[in-house]
Amino acid sequence: MASKTTNSDQTGEQQSASSEAQFPDLTVRAEGTADRLRRVNEPGKADCLETVEVELAVEYDIASYDEWRNLVDPDYAIHGRTVEKGTIIDDLLDRLEGHYRRQSSSRYEAPDWNLTVTGSATAWRRLFMEFSQMRGSDSDRAHKGTLRLKRLLAADLVDTGAALAALELINQYDLDRATDTFIAEVTDSTGDE
């Protein structure tokens, strides 16, 4: 059983200098095994819940900066973690019609799920340069943006577009930042094809 949900009709309030600007095209994709709970109402029997194991593929378009922060907050850290993968997946499952819950018990890791936020290099750059509420000059924001992109790459949450965006920001603003992590991501991605 596969399920897909999107929110492309939602507009959301944006946190940007230009209130009319469209939020960058970023999509959360998650695939894994979950339990689907459904109510069973057979004649002559008590009303109860039945659990069915399902394979899910969930896709969700992030429509605003607030949604980005609520779903995938790059500043969030607990016990040294940049991202709570399990919490993100639980939030995605809560958005689906019906009742779903993850089978894995790890609140943070959710090792049986694949989770990625995808977007073009342009979308990632726009997220950190136009929509993130970071103060300072463009160079300061680019520096902070590349640091956050590096954290998200280390958490294995983002795709090659994020690495390309970081490399472009480093080049454009002549940042004194190591590029090894970003180059390795791009190389690994192109080597798989």
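Leu26 lies in strand β1, where strands (E, at least two residues) and helices (H or I, at least four) are DSSP runs numbered from the N terminus. The model is predicted: local features need pLDDT of at least 70, side-chain atom pairs count only at pLDDT 80 or more, and totals for chains, interfaces and linings use all residues. Residues are numbered from 1 along each chain as its sequence is written, and side-chain values use heavy atoms, with hydrogens and water left out.

Leu26 has a relative accessible area of 1% and is therefore buried (under 20%; exposed is over 50%, partly exposed in between, with a 1.4 Å probe and protein chains only). Beyond its neighbours within four places in sequence, Leu26 is in contact with residues including Tyr60, Trp68, Trp124 and Leu127; contact means heavy atoms within 4.5 Å. Leu26 and Leu127 are 101 residues apart along the chain, and their C-alpha atoms are separated by 9.0 Å.

Rings of Phe, Tyr and Trp (its six-membered ring) pair if their centres lie within 6.5 Å; planes under 30 degrees apart are stacked, over 60 edge-to-face and the rest tilted. The count comes to two aromatic pairs.

| Pair | Centre distance | Plane angle | Type |
|---|---|---|---|
| Phe23 and Phe131 | 5.0 Å | 75° | edge-to-face |
| Trp68 and Trp124 | 5.8 Å | 75° | edge-to-face |

Phe23, in the segment before β1 (26-40), is 108 residues from Phe131 in helix α3 (residues 121-131). Both Phe23 and Phe131 are buried. Trp68 in helix α1 (residues 65-71) and Trp124 in helix α3 are 56 residues apart, and both Trp68 and Trp124 are buried.
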